[in-house]
Amino acid sequence: MYSLLKHLCSVYLVQRWGTMVLPALLTRLLPLCRLFVLGIGFFTLCFLMTSLGGQFSSRRLGDSPFTIRTEVMGGPESRGVLRKMSDLLELMVKRMDALARLENGSELHRAGGDLHFPADRMPPGAGLMERIQAIAQNVSDIAVKVDQILRHSLLLHSKVSEGRRDQCEAPSDPKFPDCSGKVEWMRARWTSDPCYAFFGVDGTECSFLIYLSEVEWFCPPLPWRNQTAAQRASKPLPKVQAVFRSNLSHLLDLMGSGKESLIFMKKRTKRLTAQWVLAAQRLAQKLGATWRDQKQILVHIGFLTEESGDVFSPRVLKGGPLGEMVQWADILAALYVLGHGLRVTVSLKELQSNLGVPPGRGSCPLTIPLPFDLIYTDYHGLQQMKQHMGLSFKKYRCRIRVIDTFGTEPAYNHEEYATLHGYRTNWGYWNLSPKQFMTMFPHTPDNSFMGFVSEELNETEKQLIKGGKASNMAVVYGKEASIWKGKEKFLGILNKYMEIHGTVYYESQRPPEVPAFVKNHGLLPQPEFQQLLRKAKLFIGFGFPYEGPAPLEAIANGCIFLQSRFSPPHSSLNHEFFRGKPTSREVFSQHPYAENFIGKPHVWTVDYNNSEEFEAAIKAIMTTQVDPYLPYEYTCEGMLERIHAYIQHQDFCTAPGPAPPGAHAPQSPFVLAPNATHLEWAQNASLTPGAWPPVNSLRAWLAVPGRACTDTCLDHGLICEPSFFPFLNSQDAFLKLQVPCDSTESEMNHLYPAFAQPGQECYLQKEPLLFSCAGSNTKYRRLCPCRDFRKGQVALCQGCL
């Protein structure tokens, strides 16, 4: 740079003063040029340092909330000096231009070629040269001053940065034991997911700690951070009362379109609108002035998303299973009619948008607090939320309700226990409260019974159906040809007494493989299928599908349902269909609810392997008269009542935890019943605030060896209630039942609390998530909590509304 500027000085002098005076001028001016060049060079260096320093000090990462901004100390002073230097340089250039414009011949030529100017006879430009020299020296001094300022600023900046580094070391706080480990993980893996950069992580220690303390919660807040925003927690919105709705047109818009499954669900909802409205009016009268909180609810139907395969939609028009879509349509209708805010998603993209999922691979929490009080989904949706919600899934999973057709037992739900004891499956191990799983039928009291609805007939319609029944007409339960295979023997016996009709899907060029004497109508729309059932006498099942809605629809339309008894019972241990499902429940017939909760004369369960028993049942059915029947819990009103109670009373986020094993109040709330067979809640005992169902409905029985609590309670006309287990989980309960406990231990076992024989040992439950109505062992007599229930509504106790 020095050589370049020296050359420029020479060129400038030649152009201005000519070659005759160049040697003398160079001799006199070269030191000045050298000093000028040094000043300009140093100025340039300082300017670059200042510019780059400013760039680094004010650097920001996309307006990240975690960027640390630092300013150069002495900034105003340095800017003032640079402005002064700029003004002096401009003045110097002007003076040099004035010097160049002087007539270089007048004074210089009179010297007669003498190139040495006496001090007292300098030409007019000589004074200017001295001033230029002074200016150049001033510029050099200013450059030195700027350098001193910058060095001082950098020193202070270094001290500030060092101080920040001291504050950005992982703190040792016993309240945050995982902090240092998480910082180590962030150092190694923060680039593994773009969501970390989205939240401002840039590879620095400070960004790690800020993220881990303000976005996640593994580290304590940093004292030098502005905590105003973090401390200013969003105030809960004022409660709004839910108001029953009678117009369902907006719900049809919310459900969307584009899938055959959604079209089917919308048609069903539209067809049942009048019944939903009438049911809402009845429930409103029953509840009176009872306040109902309006909830904001997200419904994510995971099995309909493209990411889960959506195997149901293409089969809607080809005889595929419709039970799940029937239930989801009714859930949406019930939630909407009850007056709650509703959002419906059937794609992963919609789910992410509604939840506030940050861009990336799902490692980070949500960008906003969850805007929904409740989320209804299925196992597919549950998996999708876990993959994309990061730590927020653990934080908000208490708000999730999982629609689960066949149920999830506690032994399969508890991840550690399921892994250690062989209960782990592809669908379990979520560590939710078992009551968060909601079933299609009330077969698993450990879960909540969601259900669905069947069309309810008025009295006029019932009389018309009774008068239009054909005494010898049977409809076979099964829309797929595979269900009919191997059933020729049963069909042959049935054909001797009745005309057999089928609704098997087939394509025109390939008729279904059913016997020629069967009148197959093909796949019928729901209204036409209802009309067929209203004419038929018998609706017969061949063992599959399990627990669908069709048998209840048939019984509601005046049919008798005939089904097969399973011996041995079907379960995950011996039947492929149940293998992998998170339940050990034994299924003794095709439709256990119909067998146990409805029974004869509407439901007949026989051994199909016994031809004589099967034929005798056909003969008896032909002479049996029944009226159309629909259990209250499967009416629109019954489902509204049940879901209303769940929404207003079930709370898995703030519910108090159970007392530790063995702990009990000084005065026991139990008394032995007068017949000394079971325990009851003492009339003078105080009720636990917020407990639901109310604990005064509790009845505790000691099961016989090898009997599950589910069956033990049913034996006494009651329902097992797992939420009552914590009240019985004490030695006092055994003492009140006059059970001698030689020893008492607390362990993790889904059969506890229980009494073991021989040995006279009492066992208490150590893990609340393992309280289970299901399960039995011949070694144990289980201590079982039971409750009463409302007529036609087994999910609710008599005082539950």
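In what order do the six strands of the open sheet lie? In this predicted model, the order is β2-β1-β3-β4-β5-β6, and the pairing is parallel. Below is a friendly tour of that sheet, then of the nonpolar cores and the salt bridges.

**The sheet**

- Strands β2 (341-345) and β6 (448-449) form the edges, each pairing on one side only.
- Further in, β4 (residues 400-403) runs parallel to β5 (residues 437-439), and two bridges join them.
- Ile-403 has Met-438 of β5 as its bridge partner.

**The nonpolar cores**

- The largest nonpolar core holds 79 residues, and the members touching the most others are Met-265, Trp-276, Tyr-376 and Phe-539.
- Helix α13 (residues 323-337) is the top contributor to this core, supplying eleven residues.
- Tyr-376 is worth a look in the viewer: leaving aside residues up to four places away in sequence, its contacts include Ile-297, Leu-298, Val-299 and His-300, as well as Trp-328 and Leu-335.
- Tyr-376 also touches both Ile-403 and Met-438, the two residues that are bridge partners in the sheet.
- Other contacts of Tyr-376 include Arg-401, Met-450 and Ile-647.
- A separate core of 26 residues lies apart from the largest one, with Val-504, Trp-604, Phe-614 and Ile-621 among its members.

**Salt bridges**

- Across the whole structure, a search finds 21 salt bridges.
- One of them joins Lys-259 to Glu-306, with 2.9 Å between the closest N and O atoms.
- Lys-259 sits in the loop between α10 (249-254) and α11 (260-271), while Glu-306 sits in the loop between β1 (296-300) and α13, so this pair ties together parts 47 residues apart in sequence.
- Arg-282 and Glu-637 form another salt bridge, at 3.9 Å from N to O.
- Because Arg-282 belongs to helix α12 (residues 273-287) and Glu-637 to helix α25 (residues 636-649), their pairing ties together parts 355 residues apart in sequence.
- Here Arg-282 is partly exposed, at 35% relative accessibility, and Glu-637 is buried, at 10%.
- This pair belongs to a network of salt bridges that links Arg-282, Lys-286, Glu-637, Glu-641 and Arg-790.
- Arg-424 and Glu-415 also meet through their side chains, 3.6 Å apart from N to O.
- Arg-424 is partly exposed at 41% relative accessibility, and Glu-415 is partly exposed at 33%.

Key:
Residues are numbered from 1 along each chain as its sequence is written. This is a predicted model: local features need pLDDT of at least 70, side-chain atom pairs count only at pLDDT 80 or more; totals for chains, interfaces and linings use all residues. Side-chain values use heavy atoms; hydrogens and water are left out. Two strands pair if DSSP finds at least two bridges between them. Helices (H or I, at least four residues) and strands (E, at least two) are DSSP runs, numbered from the N terminus. A nonpolar core is a set of buried Ala, Val, Leu, Ile, Met, Phe, Trp, Tyr and Cys residues joined through side-chain atoms within 4.5 Å. Buried means under 20% relative accessible area, exposed over 50%, partly exposed in between (1.4 Å probe, protein chains only). Contact means heavy atoms within 4.5 Å. A salt bridge is a side-chain nitrogen of Lys or Arg within 4 Å of a carboxyl oxygen of Asp or Glu.
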